[in-house]
Protein chains: 2
Amino acid sequence: MNLKTLAKKLQLSQTTVSRALNGYPEVSEATRRRVEEAARAHNYRPNSRAKGLATGRAMVIGHVIPASTQHEMVNPVFGDFIAGASRAYAAFGYDMMFTRVDDGDEEQVYHALVAKGSVDGVILQGPRVNDGRIPLLNRIGLPFIVHGRSSGIDESYGWVDVNNKRSFQRATEFLLDLGHRRIALINGLEQMDFAHRRREGYVEALKTAGIEPDPALMRSAEMTEVYGHRETREMLKMENPPTAILAASMISAIGVRRAIDEAGLTLARDVSVITHDDDLSYLRNGSDVPIFTATRSSVQQAGEILSRMLIEKIEQPDAPNQTHMLEAELVVGRSTGPAPEMRR
Amino acid sequence: MNLKTLAKKLQLSQTTVSRALNGYPEVSEATRRRVEEAARAHNYRPNSRAKGLATGRAMVIGHVIPASTQHEMVNPVFGDFIAGASRAYAAFGYDMMFTRVDDGDEEQVYHALVAKGSVDGVILQGPRVNDGRIPLLNRIGLPFIVHGRSSGIDESYGWVDVNNKRSFQRATEFLLDLGHRRIALINGLEQMDFAHRRREGYVEALKTAGIEPDPALMRSAEMTEVYGHRETREMLKMENPPTAILAASMISAIGVRRAIDEAGLTLARDVSVITHDDDLSYLRNGSDVPIFTATRSSVQQAGEILSRMLIEKIEQPDAPNQTHMLEAELVVGRSTGPAPEMRR
DNA sequence: AGGGAAATCCAAAGCGCTTTGGAAAGCGCC
DNA sequence: GGCGCTTTCCAAAGCGCTTTGGATTTCCCT
């Protein structure tokens with residue numbers, strides 16, 4: 001069922017049927033109702049490719065996902081993020097499209113995306129420090145919003161980010177207040193901007209307290225459970241082990257806890273742990289009392305805000321770039337306590 | 001840059017340029033090279049909507065995701081699954097598109113998808129027992145492959161599934177062999193087909209061993225960490241608590257372990273745990289020795305097989321439906337041991 | 001009744017591609 | 001030189017929609 005045959009059935013021109021369905025005022029209410037009814041009856045939907053060709057709009061938002069280096073897709077954060085984003089997309093009639101890209105081909109892929117006209121805009125996930133994709137997209141002129149920011153990039157761009165520096169600074173201060181002096185940071189990959197900022201916050205809090213950061217207590221890698229476990233086990237074997245650990249995610253924190261358990265130590269009493277909690281649906285930080293003391297910020301919410309902003313940007317490309325900073329909340333759970341030395 | 005202007009630049013007709021780029025034999029090697037070079041130089045990509053209009057193919061594969069009941073998207077399994085799928089898509093030039101659907105609107109959405117012509121086929125995720133979407137898609141004639149199966153549906157359809165019944169049967173037998181008699185099942189939502197089958201396997205193993213399944217030991221819900229924790233805590237408080245627990249996923253197993261720890265019990269010694277391990281990238285079952293004894297089956301691999309099958313189905317719609325059964329492997333880790341009673 | 005504005009509708013062009021049905025050119029061969 | 005064949009190219013139709021520019025009808029007002 002297409003416009004032509006529908007119009008024929010209705011004894012109307014394609015123009016009128018099209019206008020009736022798209023809410024133009026040049027058509028009487030009576031015929032509009034008649035048309036709408038017939039469309040429903042015949043299960044008519046305008047072909048999206050034809051519509052796109054005619055309007056120049058795809059009604060699709062792209063997510064370009066680097067395949068190898070950082071496993072954007074398999075990170076559990078991903079699902080919650082796009083779940084949030086999809087809420088806004090659905091509300092505004094957009095679909096979302098994913099393109100997997102091998103590293104190095106990113107520029108190609110963005111060019112292709114705009115040349116092929118398959119998306120109206122993209123969301124830029126996992127920005128790195130000094131991320132070349134931002135100037136690239138600005139140059140190409142494809143509307144985009146960044147999930148996060150990119151230190152070192154001066155040009156204007158829209159973003160939604162958690163105040164990572166501040167939240168890790170506060171978390172560190174909280175541990176310092178509890179008397180901890182040997183505080184470890186099990187961070188994400190530090191080429192990632194969010195990890196970079198978290199480290200800044202951590203280092204700054206230590207320095208303010210007059211403590212020189214110990215490189216042996218600072219780790220960086222992809223935030224898996226195994227990683228959290230391995231680094232913790234190693235550090236607990238040190239002659240001067242940390243009494244507190246800042247973990248980058250719930251998943252790595254779970255690995256941290258496992259290592260602490262295996263070492264025969266007790267969480268909070270022997271080793272305090274603070275993690276960042278993205279408020280993932282399948283990995284809630286406990287039901288009533290939080291399992292971990294954590295800096296919490298919902299990534300679903302970020303996704304929703306972000307996609308709203310992108311849709312606005314697409315519809316008004318010349319409006320100034322918007323930015324949105326989310327403050328993480330420090331929730332105190334059962335994974336932190338006074339430093340062991342303080343206890344005696 | 002479009003075909004027309006590119007053709008003009010080359011002093012050729014659109015036809016020839018199109019044929020040259022699409023590998024038709026009616027064009028000399030010399031001109032083909034000339035055309036390809038010019039295309040590269042001008043960064044030309046055929047507009048995908050126009051191409052789709054002309055060919056009737058979208059080169060897009062759809063994933064329709066129910067929004068509320070089962071949070072398909074936020075389940076960490078989702079990311080690994082589509083990471084696997086996207087490998088095949090990328091290799092064959094397909095993009096993937098996601099459509100979020102509120103419950104009840106599914107039929108509408110599938111109809112819309114085929115009417116709008118925005119996808120060439122879909123992957124059906126999270127099939128329930130007796131899932132109406134399968135007959136629906138067969139009726140509509142949209143190519144699809146099911147990730148899993150649907151008990152109670154007799155018509156023919158393509159699927160890729162793990163032998164869930166067998167793997168949970170084996171896991172239960174393994175626990176029985178260790179002397180366990182009180183074995184709990186912390187299952188997924190049992191309207192989901194995979195969970196339904198797992199329960200069958202579990203029940204059958206018990207019955208074969210002459211043990212009547214105890215409804216108080218069988219739980220069913222969405223497989224979150226908090227759920228695993230809560231059910232375990234409850235069951236451990238019973239007057240006749242289980243000595244072994246079958247968990248539905250790594251994430252719920254982590255909750256199970258947390259509850260065991262909190263109860264002051266020791267994993268494997270006091271309570272044995274077996275989980276199903278989807279081999280998620282961020283949640284590997286340990287690095288060397290498996291943390292949990294588990295039935296393991298890579299969901300990434302399933303995704304890749306599935307998407308390959310779907311592409312074949314799209315390209316040869318009349319070929320008979322293929323099916324692919326994956327056997328889960330039972331890996332013995334450090335979460336199981338002889339039943340406590342046996343120890344004395 | 002007649003003029004002009006408003007309401008309602010339509011034919012046809014155009015979006016950028018593929019593909020059909022031919023045409024023109026080049027070639028060997030009798 | 002003319003025939004048939006292959007090679008190489010092209011004009012134009014068509015995919016299904018939106019939208020421009022214009023035609024026709026209706027309605028109101030003087």
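Two strands pair if DSSP finds at least two bridges between them, and strands (E, at least two residues), like helices (H or I, at least four), are DSSP runs numbered from the N terminus. The structure shown is a predicted model, in which local features need pLDDT of at least 70 and side-chain atom pairs count only at pLDDT 80 or more, while totals for chains, interfaces and linings use all residues. Residues are numbered from 1 along each chain as its sequence is written, chains are lettered from A and ligands numbered from 1 in the order in which they are written, and side-chain values use heavy atoms, with hydrogens and water left out.

**View 1. Strand β2 of chain A beside strand β2 of chain B.** Strand β2(A) is joined by three bridges to strand β2 of chain B (residues 95-101), and the two strands run antiparallel. Within this pairing, A:M96 has B:F98 in β2(B) as its bridge partner.

**View 2. The contact between chain A and chain B.** Counting heavy atoms within 4.5 Å as contact, chain A and chain B give 59 residues each. The buried area, meaning the accessible area (1.4 Å probe) that two parts lose on being put together, summed over both, is about 5,200 Å² between these chains, and carbon and sulfur atoms give 59% of this area. A:R45, A:R49 and A:Y282 together supply 18% of the area that chain A buries against chain B, more than any other three residues.

**View 3. A salt bridge across the interface.** A salt bridge is counted where a side-chain nitrogen of Lys or Arg lies within 4 Å of a carboxyl oxygen of Asp or Glu, and four such salt bridges are found across the interface of chain A and chain B. In one of these, A:E262 is joined to B:R334, with the closest N and O atoms 3.7 Å apart. Among the elements that give two or more residues to the side of chain A that touches chain B are α4 (48-55), α6 (106-116) and α11 (250-262) of chain A, while the largest share, nine residues, comes from α5(A).

View 4. Side chains of opposite charge can pair when their charged atoms come close. Here the side chains of A:R32 and A:E29 meet in a salt bridge (3.1 Å, N to O). Both residues, A:R32 and A:E29, lie in helix α3 (residues 29-41) of chain A, three residues apart, which is about one turn of the helix.
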